[in-house]
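The following note was prepared for a colleague who wished to have the fold and a few individual residues described. Please read it beside the sequence and the model.

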Amino acid sequence: AVQCGFCTPGAILSSKALGLNGNPGANGTVNIGLIGLGGRCRQVAETCSHIPEIRIAAICDVFKPRIDKFMDLQPIGQHWMGYTDFRRMIERENLDGVMVITTTHARAWVTCLAMDAGMDVYIEKPMCLTIPEGRQMVNMARRCNRVTQVGTQQRYMPLNNWASDLVKN
């Protein structure tokens with residue numbers, strides 16, 4: 001490790017980023033769980049399958065037939081566990097984080113419970129329905145010291161910028 005002389009190791013980077021205390025390092029494999037297995041989740045899983053640092057360890061949906069169908073998408077050599085209750089998935093699996101791709105009305109609740117259980121969370125957009133839900137999610141992320149990210153795909157596509165400008169004008 002390189003030391004600058006002005007700070008101690010870990011003073012700027014968290015122990016999780018450094019791979020200390022049993023956590024994967026910033027460049028290690030990240031075990032994730034997918035929550036909500038609709039069409040958008042298939043796209044997310046496909047993208048994840050091309051990133052060697054991401055390992056889908058578990059999947060969850062309240063509708064069991066959807067889990068069974070999603071299991072068929074597993075790349076060769078991977079084994080996903082399927083759950084109908086994301087809380088059981090988080091309790092039983094050794095996950096570093098979850099991706100919440102549920103219906104919009106469930107995202108805030110699922111995200112807050114996942115953060116409270118110690119998960120870092122990627123949240124599909126829109127992240128919630130109301131401003132109070134959003135504030136609760138921000139407060140929970142701060143209280144639990146969790147990393148969160150909201151999907152912003154397509155934000156800078158020329159067609160979307162054109163449509164946005166059309167609405168503004």
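The points below go from the basis of the model to the fold, and then to single residues.

1. Basis. The model is predicted, so local features are given only at pLDDT of at least 70 and side-chain atom pairs only at pLDDT 80 or more, while totals for chains, interfaces and linings use all residues. Residues are numbered from 1 along each chain as its sequence is written, and side-chain values use heavy atoms, with hydrogens and water left out.

2. Overall composition. The protein chain holds 7 helices and 6 strands; these are DSSP runs, helices being H or I of at least four residues and strands E of at least two, numbered from the N terminus. Along the sequence the pattern is α-β-α-β-α-β-α-β-α-β-α-β-α.

3. Burial and surface. Of the 169 residues in the protein chain, 33% are buried. Buried means under 20% relative accessible area, exposed over 50%, and partly exposed in between (1.4 Å probe, protein chains only). The protein chain exposes about 10,900 Å², of which carbon and sulfur atoms supply 56%; these areas come from the Shrake-Rupley method with a 1.4 Å probe, and for residues only the protein chains shown count as cover.

4. The 6 strands form an open sheet with parallel pairing, in the order 3-2-1-4-5-6. At its edges lie strand 3 (81-83) and strand 6 (148-150), each of which pairs on one side only. Neighbouring strands are turned by 25 degrees against each other on average, direction ignored; axes are lines fitted to C-alpha atoms, for helices over the stretch in contact, and angles run from 0 to 180 degrees between N-to-C directions.

5. Strands 1 and 4. Strand 1 (residues 30-35) pairs with strand 4 (residues 97-100) in the parallel sense over 4 bridges; two strands pair if DSSP finds at least two bridges between them. Val 100 in strand 4 is the bridge partner of Ile 35.

6. Helix 5. This helix (residues 104-116) lies across strand 1, strand 4, strand 5 (120-123) and strand 6, and runs at about 165 degrees to strand 5.

7. Helix 2. Which residues of helix 2 (residues 39-49) are buried? They are Cys 41, Val 44, Ala 45 and Cys 48. These residues lie on the same side of helix 2 because they cover an arc of only 100 degrees around the axis, the arc being that of the directions from the helix axis to the C-beta atoms. Their cover includes strand 1, strand 2 (54-60), helix 3 (64-71) and strand 4.

8. Leu 73. This residue lies in the loop between helix 3 and strand 3 and is partly exposed, with a relative accessible area of 43%. Leaving aside neighbours within four places in sequence, Leu 73 is in contact (heavy atoms within 4.5 Å) with Arg 42 and Trp 80. The C-alpha atoms of Leu 73 and Glu 46 are separated by 8.8 Å, the two residues being 27 residues apart along the chain.

9. Asp 120. Located in strand 5, Asp 120 counts as buried at 14% relative accessibility. Its side chain makes a polar contact with the side chain of Arg 146 (2.9 Å) and reaches the backbone nitrogen of Val 147 at 2.9 Å. A polar contact is a pair of N or O atoms within 3.5 Å; within protein, one must be able to donate a hydrogen and the other to accept it, and residues adjacent in sequence count only if both atoms are side-chain atoms.

10. Pro 52. Is Pro 52 buried or exposed? At 67% relative accessibility, Pro 52 is exposed, and it is found in the loop between helix 2 and strand 2.
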